[in-house]
Amino acid sequence: MNQWLAIGALGVVAILIPLSMAAVSWLLRPRVPEQGKTAVYESGEVPTGTTRIRFNIQYYMVALLFVVFDIETVLIFPWTVIYRDAVSSAGATAVLWPMLLFIGLLVVGLVWAWRKGAVKWVRNPETGRGQVRSYE
């Protein structure tokens with residue numbers, strides 16, 4: 001029962017500290033109403049145009065592929081740490097085949113993305129190379 005009491009106290013402290021810090025900062029903050037502080041884009045620049053602009057889908061695809069392969073690293077690393085102990089207790093085939101299946105599925109996904117052109121950067125029509133155009 002003592003351990004659960006300590007965990008509960010830690011949970012209460014973990015909730016109270018951020019709430020009290022937010023309350024103190026809200027009470028002590030300067031209240032200077034200005035037109036710029038209520039603006040959507042506060043940086044000293046006058047906003048031009050709308051906030052609805054079109055982004056190249058390529059940025060989204062690169063980010064998505066990064067997340068997929070980042071998750072792969074997060075899942076493979078602990079497996080490599082326990083591999084030797086797992087092989088001694090369960091056997092090599094019981095430990096190796098699920099990871100090979102997992103890596104195989106990721107390779108199939110990468111090949112699919114590659115064939116669909118998700119990892120091919122859009123070429124600049126002016127230079128003919130895969131560079132990002134400068135708008136300076």
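How many helices and strands does the protein chain have? The protein chain has three helices and zero strands, where helices (H or I, at least four residues) and strands (E, at least two) are DSSP runs numbered from the N terminus. This is a predicted model, in which local features need pLDDT of at least 70 and side-chain atom pairs count only at pLDDT 80 or more, while totals for chains, interfaces and linings use all residues. Residues are numbered from 1 along each chain as its sequence is written, and side-chain values use heavy atoms, with hydrogens and water left out.

**View 1. The protein chain as a whole.** From the N terminus on, the elements run α-α-α. Of the 136 residues, 8% are buried; buried means under 20% relative accessible area, exposed over 50%, and partly exposed in between (1.4 Å probe, protein chains only). The accessible surface comes to about 12,500 Å², and 68% of it belongs to carbon and sulfur atoms. Accessible areas come from the Shrake-Rupley method with a 1.4 Å probe, and for residues only the protein chains shown count as cover. Among contacts (heavy atoms within 4.5 Å) between residues at least 6 apart in sequence, 55% join residues at least 24 apart.

**View 2. A nonpolar surface patch that includes Trp26.** Val24, Trp26, Leu27 and Leu28 form this patch, with about 460 Å² of accessible area together. Patches are made of residues with over 30% relative accessible area and no salt bridge; like charges are joined within 9 Å and nonpolar side chains (Val, Leu, Ile, Met, Phe, Trp, Tyr) within 5 Å. A salt bridge is a side-chain nitrogen of Lys or Arg within 4 Å of a carboxyl oxygen of Asp or Glu. Trp26 is placed in helix α1 (residues 2-28) and counts as partly exposed because its relative accessibility is 48%.

View 3. One aromatic pair is found in a search of the whole structure. Trp79 and Tyr83 form this tilted pair, at 5.0 Å centre to centre and 55 degrees between the planes. Rings of Phe, Tyr and Trp (its six-membered ring) pair if their centres lie within 6.5 Å; planes under 30 degrees apart count as stacked, over 60 as edge-to-face and the rest as tilted. Trp79 and Tyr83 are four residues apart in α2, so about one helical turn separates them. Tyr83 is partly exposed, because its relative accessibility is 28%.

**View 4. Helix α3 and its packing.** The buried residues of α3 are Val95, Met99, Leu106 and Ala113, and they pack against α2 (57-90). Ile103 also lies in α3; the C-alpha atoms of Ile103 and Glu72, 31 residues apart along the chain, are separated by 8.2 Å. Just after α3, Gly117 takes a positive phi of about 85 degrees.
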